Amino acid sequence: MSMLSVAELAALVPDGAKLVVAKDESGVSMTMAFALMRRGTRGLHLVTVPVSGLQADMLIGAGCVATLETSGITLGEFGPGPCFGRAVKSGAIKLRDATCPAIYAGLQAAQKGIPFMPLRGIIGSDVLANRPDWQVIANPFAEDDPIVVLPAITPDVALFHAPLADRHGNVFIGRQRELMLLAHAARSTLVTAEHIVEGNLLDDEARSGSVIPALYVTAVAHAPRGAWPLAFGDEYPADAAWLTEYVARARSPEGFAQLLAGMTHGADAAGLNQGAHAARLAA
Amino acid sequence: MSAETLEAHAAGRAASSTEGLIYSIAGLLAGCRHVAVGASSPIPGAAALYTRARSNGATRVSVLGSRRHNAFTNGGVELFDLAAQGRIDAFFLGGGQIDGAANINLVGTGTYPRTDVRWPGSFGSAYLYYLVPRVILFREEHTRRVFVPKVDFISAPGPQENGVYRPGGPHAMITSLCLFGYDKARRRFVLQSVHPGHTVEEVLDHTGFEFDVPDQVPQTPQPDGAALALIRGQVRDEIGETYPKFAAQLAA
């Protein structure tokens with residue numbers, strides 16, 4: 001385990017990687033998403049656990065994503081993801097629509113090192129009809145019980161933002177237990193942490209049950225306000241003004257490109273970088 | 001004026017349409033041991049919390065997105081595991097399109113995958129619709145754009161005769177105009193009541209699929225003074241933790 005900068009961490013996500021990210025409430029490393037866009041990452045197979053918002057929308061808009069495996073993309077109260085909607089309509093991304101528990105089940109299969117996982121429901125839906133990689137088998141233990149089986153989802157990289165990490169590479173996730181699943185399933189796990197603590201998180205019995213041990217963690221970067229402009233637990237709320245402006249500007253490809261250029265060149269010309277700048281100063 | 005109406009006036013304003021919906025949905029949750037509420041669902045959330053408040057501790061509520069009203073500690077998968085075990089009695093689903101066979105579409109209009117209009121996606125519907133006994137379909141907009149003869153994409157199908165394990169399915173559907181029951185034997189919606197200020201004709205005009213209309217269709221019962229006081233007090237405070245903007249509107 002090593003402690004890296006965000007840019008160094010981003011260099012560990014190769015083009016074409018199967019990248020798995022968490023839903024907004026679980027901890028999104030927007031700072032890494034920005035770094036991936038800045039680096040001009042291409043061809044990602046993005047898996048959202050089980051849904052995503054701004055992170056997926058921006059990565060799609062920036063052309064980083066070739067395949068999207070998701071149960072839903074929405075910016076919540078800020079509305080639909082404009083880049084996602086455009087990419088669906090133009091066919092710019094390959095869609096693998098899923099349903100939430102199927103994404104968890106696929107990751108659980110990878111976690112257990114088994115090839116597939118059965119799951120209830122789904123039969124008769126067009127989600128199944130459009131997933132040739134999903135199969136229906138007969139329950140081998142009972143009569144007349146067709147059941148869906150899903151192949152393991154083994155990500156090349158799991159990426160998320162966590163509240164705490166120590167210098168050994170142990171990562172505290174609180175109640176966000178699905179981050180444990182991401183780390184267990186993926187071949188490598190990259191974490192940005194809001195705070196770095198001294199000592200060893202596993203020494204504290206009261207919270208060690210909510211710690212991903214360093215054995216699963218490839219690298220950590222210290223990134224205060226690393227989820228900005230999204231909310232992060234009790235630490236900070238979403239930057240509503242930024243998100244409102246994002247939705248307005250990303251409505252057109254030109255507006256999104258302009259916004260992206262402003263962020264990519266680290267200039268404040270787009271105006272939208274001021275929040276990030278202020279966040280860094282405050283950190 | 002009925003006694004209920006007088007009491008409502010005594011409590012302040014008469015019930016708003018939102019308060020009427022909260023009260024009606026709560027009526028569908030009677031007897032549930034555990035009600036779960038998904039994302040972006042303030043009205044179902046308020047109805048579930050109302051039911052809990054009146055249950056003397058018999059009803060447990062899990063509101064996704066809430067810290068105080070959600071005790072899950074095993075991540076996002078916990079809701080789905082509970083549902084498959086039969087530990088969730090009621091859940092809420094909506095749809096950009098819903099048809100008379102109770103198929104729901106959360107993906108988009110036109111031909112998949114390059115749909116003309118794309119909605120967020122199917123979320124947990126393709127699973128929970130099979131496993132939760134009382135799925136309440138909730139969609140405020142009651143138009144022929146939503147209630148179509150046949151959905152363009154089946155995120156989750158209504159009940160079918162295909163031998164698939166399915167303890168769950170649609171229990172009722174509530175809109176801004178009316179409440180439908182669901183006849184499991186005939187696999188059809190049945191108009192159960194019409195909300196105050198609306199008519200059966202209006203419902204027929206704005207629904208694109210066929211459904212059964214009994215000879216007598218009552219008006220949807222509305223909250224009395226005590227119910228309104230609970231909605232405007234404790235329920236508003238509790239739902240405000242997850243949906244502050246919605247709670248502010250409830251108070252207005």
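**Close-up views of chain B**

**View 1. Thr207 of chain B and its surroundings.** The side chain of B:T207 makes a polar contact with the side chain of B:H142, at 2.7 Å. The model is predicted. B:T207 lies in the loop between α6 (200-205) and α7 (225-240) of chain B. B:T207 has 3% relative accessibility; the cut-off for buried is under 20%, so B:T207 counts as buried. Leaving aside residues up to four places away in sequence, B:T207 touches B:H142, B:R144, B:F147 and B:F180.

**View 2. The open sheet β5-β4-β9 of chain B.** Three strands form this open sheet, in the order β5-β4-β9 (chain B). The pairing is mixed. β5 (104-105) and β9 (147-148) of chain B stand at the edges. Each has a single partner strand, so one side of each is left without a neighbour in the sheet.

**View 3. The β4-β5 pair of chain B.** Strand β4 (residues 97-99) of chain B is joined to β5(B) by two bridges. The two strands run antiparallel. Opposite B:I98 stands B:I104, in β5(B).

View 4. Strand β1 (residues 34-37) of chain B runs parallel to strand β2 (residues 60-63) of chain B. Four bridges join them. B:A36 has B:S62 in β2(B) as its bridge partner. From β1(B) the chain passes through helix α3 (residues 42-53) of chain B to reach β2(B). This β-α-β crossover is right-handed.

Technical notes:
Residues numbered from 1 in each chain as written. Chains lettered and ligands numbered in written order. Predicted model: local features only at pLDDT ≥ 70, side-chain atom pairs only at ≥ 80, totals over all residues. Heavy atoms only, no water. Pairing = 2+ DSSP bridges. Right-handed = clockwise from strand over helix to strand, strands pointing away. Buried < 20%, exposed > 50% of the residue type's maximum accessible area, 1.4 Å probe, protein only. Polar contact = N/O pair within 3.5 Å; in protein donor to acceptor, adjacent residues only side chain to side chain. Contact = heavy atoms within 4.5 Å.
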